[in-house]
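Subject: Structure handover

Hi,

Here is the structure for you to look through. My notes on it follow below.

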Amino acid sequence: MKAAVSRAQTKGSTRASRAVKKTVGRYNADPDMLIQILLDLQTTLGWLSPGVLADVSEQLGVPVSRVYHIASFYKAFSLVPRGRHIIKVCMGTACQVRGAPQLVNVIASMLNMKPGETSEDRRFTLETVNCLGCCAMGPVIAVDGVYHSKPTTEDLRSIFKGAR
Amino acid sequence: MTDMNDNRLSSAKQLETLRKTILSKRDAEKPIITVCTGTACQAYGSLEIYRRFVEELERQGVEGSVLETKSTGCHGFCEQGPVVVIFPREICYVRVQLDDVPEIVSTTVAGGDVIERLVYRDPNTQEAIPKESDIPFYKRQMRLVFGNNRYIDPREIDDYIALGGYAALSKALLRMTPGEVLEEIKESNLRGRGGGGFPAGLKWETTRDASTGSKYVIVNCDEGDPGAYMDRAIMEGNPHAVLEGLVIGAYAIGSHDGFVYVRQEYPIAYENTMNAIDQARDYGLLGSDILGSGFDFEVVVHRGAGAFVSGESTALMSAIEGKVGEPRMKYIRTAVSGVKGMPTCLNNVETWANVPLIIERGAGWFKSIGTEGSKGTKIFSLVGKVNNTGLVEVPMGMTLRQLIYDIGGGIPQGKKFKAVQTGGPSGGVLPEQYLDTPIDFDELTGLGSMMGSGGMVVMDEDTCMVDTARYFVSFCCDESCGQCIPCREGLRTLRDILTDICEGKGKGGDIEAIEDIAEVMEDASLCALGGTAANPVLTTLKYFRDEYEAHIKENRCPAEACKALTSYYVDPAKCSACMICLRACPTEAIHGEKGIVHWIDQEKCIKCTTCYEVCPTRFSAVRRLSGEPLPPPPAPGTKVTREKKR
């Protein structure tokens, strides 16, 4: 894992620093917009590397400790590289009473990984989220932002097969 | 009116002229096809349906007979999505598929006939109900705030203006003083829809009177309560109503800067808000000298980054300052010292969306709806084990029973109602004996729950109340910011105890320990989220103590839901060896073949309930057992004994 992280850092460094510069510029280097800047970078880069956080800190004039505090506090940020396909299983109350815990189990056992993990080949990241806000469809999962309502075992097999 | 390069409206008259111009271009007789593209319908493919309508109208050469094809925000009846409504006749088609589109265009749009097959059918009477407002789900609602969603393309400000949008703003800014606006809201007794139910007018007044410097107003759309999505639907479907309310509030308070704080999980709400702000600014409804009144107001949108606790007002304000969204002690209210130490008035999306209605129709009208202490309507997210899940807006004072049975259509599959959970992680569960309670802020609080933001999760006999308490406590445990000990450690200990009970490791004294911890959390937590986090535990304990005791004393989960206490078993006498469960099992734990009775390998079984759910009801061979010994599996190769029915 460590090797993978450092490789990604070197490989992505020019692209990443370009992204930081552009994003910070878009918000006029306003330190109040730190969270918004990190959100955009998370979307663009897929994760926030130590190099990115350091760049943000420098360009905004915000202590790196505060940048880390925020990046580690909020769920939207990832400090490690994530999979190519993000599976989010909704654990909101409505989904909960309609069997979300069982659904997580099924997915976890099908992919042989635990919630919060990224598969070794970086194909999938499996996450549980607190509420996707489409409670009427529960239990619901979102794979790369596409929502699936009440997926059966068969549905799941074909969804995962389609995500290479 | 205005010249080509300047769309700014600088008087009430110009706004009214614009409205008339928009309306004059619309032939009221011509059909409008509206396709719900709220998040749920979108997930069912409604965007493709919308595009197909546009193509199909052209293909059949009838695009001229239609005024418009509109993609709208959420209509509320998410269970039946994708929903298509054809105005002015209000013909409502449910669960529309792509292939239905050509027929709808030729038969209904061009031919004027209703397609029976696509119409909502009352599950009890089988009666087909073509008109949207006749459907029982809608019939008993009072959709004052939410109802306009179905007429509006949220990306088109003209749609909002056509319905009289921004007329309340014009009235407030040009015909009322800030003091009069404030008095109207105070008089209406509008209470905060975000959870606490604090009178909005009083909050506004405190902010106005706090000091003379800058002041801020905030829309809280960080809807974090699991099981609730009303604010999402308003922000996505009718963002101008919220902005209009916000500007009116800012005027009353004397604020010139506002924020909209939107949950990052709601990308469409964010996009539509950004777009609405641009459009409103273009018309001079935001920015400087709004409608020629001399009043200036600007809005900035912030996205949350995924933290439940950031919806708490002090935490949200620190997130707006680019800091970690953690709450602080409220010795001084945010109305006095909020964003950057300045007086700040924060209200929830639904609260702001009520403001234009009150200004336009008056406090007297608003007060005529609802109960003594709770006026107006409330939008609920009616979800869980209920037939008609979706968003419903009802007058305050409607009973839980009316909401769940008359609008919600009762519990699916003939199961028995057990409880309804209101108020999210700060609320509680209410059992059957309170179904006739009128819904209002004070009634629900009196029973140990709360109104909260409007999540209403229905639970049936299959829901375990201890597990429900464990669920909410784990939720809060994950989301606690960890600053104060009562919340951080209290929740952790509660989670451990409740998990033990759910796993059959409960012991005497556990219930008393829970009660002690809950008391300390309530008294000593730093913020309201910690102070109320034990409510789901306390209410389940109050109303379902016997379930706790069954877990602890008999190792039995009465709902047969707790995994550690429940086993799945195929009854050899009932199994027809149909292979359905065997194929559906995700872990291949079920053995057997055609003609050979199936059995479950308990080692491999992950207790996902799939087999129990897919076993055809005419066999009902899969059983759940809790608190009783598991019978041995049948001898290998046991043939089906069940007599085949024809």
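Among contacts in chain A between residues at least 6 apart in sequence, 62% join residues at least 24 apart. Two residues are in contact if their C-beta atoms, placed from the backbone, lie within 7 Å.

Please keep in mind that this is a predicted model, where local features need pLDDT of at least 70 and side-chain atom pairs count only at pLDDT 80 or more, while totals for chains, interfaces and linings use all residues. Residues are numbered from 1 along each chain as its sequence is written, and chains are lettered from A and ligands numbered from 1 in the order in which they are written.

Chain A

Chain A has 164 residues, and 40% of them count as buried (20 or more other C-beta atoms within 10 Å of the residue's own, again placed from the backbone). Its secondary structure comes to seven helices and four strands. These are DSSP runs, numbered from the N terminus: helices are H or I with at least four residues, strands are E with at least two. Along the sequence the pattern reads α-α-α-α-β-α-α-β-β-β-α. The C-alpha atoms of chain A fill a box of roughly 50 × 35 × 25 Å along the principal axes.

Where the chains touch

The contact takes 38 residues from chain A and 43 from chain B. On the chain B side, helix H2 (39–43), strands E9 (298–303), E11 (377–384) and E15 (455–460), and helix H18 (465–479) each supply at least two residues. By class, that side has 20 nonpolar, 16 polar and seven charged residues. Nonpolar means Ala, Val, Leu, Ile, Met, Phe, Trp, Tyr, Cys and Pro; charged means Asp, Glu, Lys and Arg; the others, Gly among them, are polar.

Helix packing in chain B

How do H7(B) and H11(B) pack? Helix H7 (residues 167–175) of chain B meets H11(B) at about 10 degrees, with the axes 9 Å apart. Axes are lines fitted to C-alpha atoms, for helices over the stretch in contact, and angles run from 0 to 180 degrees between N-to-C directions. That makes H7(B) roughly parallel to H11(B) (under 35 degrees). B:Ala168, B:Leu169, B:Ala172 and B:Leu173 of H7(B) make the contact with B:Glu244, B:Val247, B:Ile248 and B:Tyr251 of H11(B). The count is seven nonpolar, no polar and one charged.

Helix H9 (residues 200–210) of chain B also comes within 8 Å of H11 (residues 239–253), axis to axis, crossing at roughly 45 degrees.

Best wishes

Definitions and conventions: Angles under 35 degrees count as roughly parallel, over 145 as roughly antiparallel, 65 to 115 as roughly perpendicular and the rest as oblique. A residue is buried if 20 or more other C-beta atoms lie within 10 Å of its own, exposed if 12 or fewer, and partly exposed in between; C-beta atoms are placed from the backbone.
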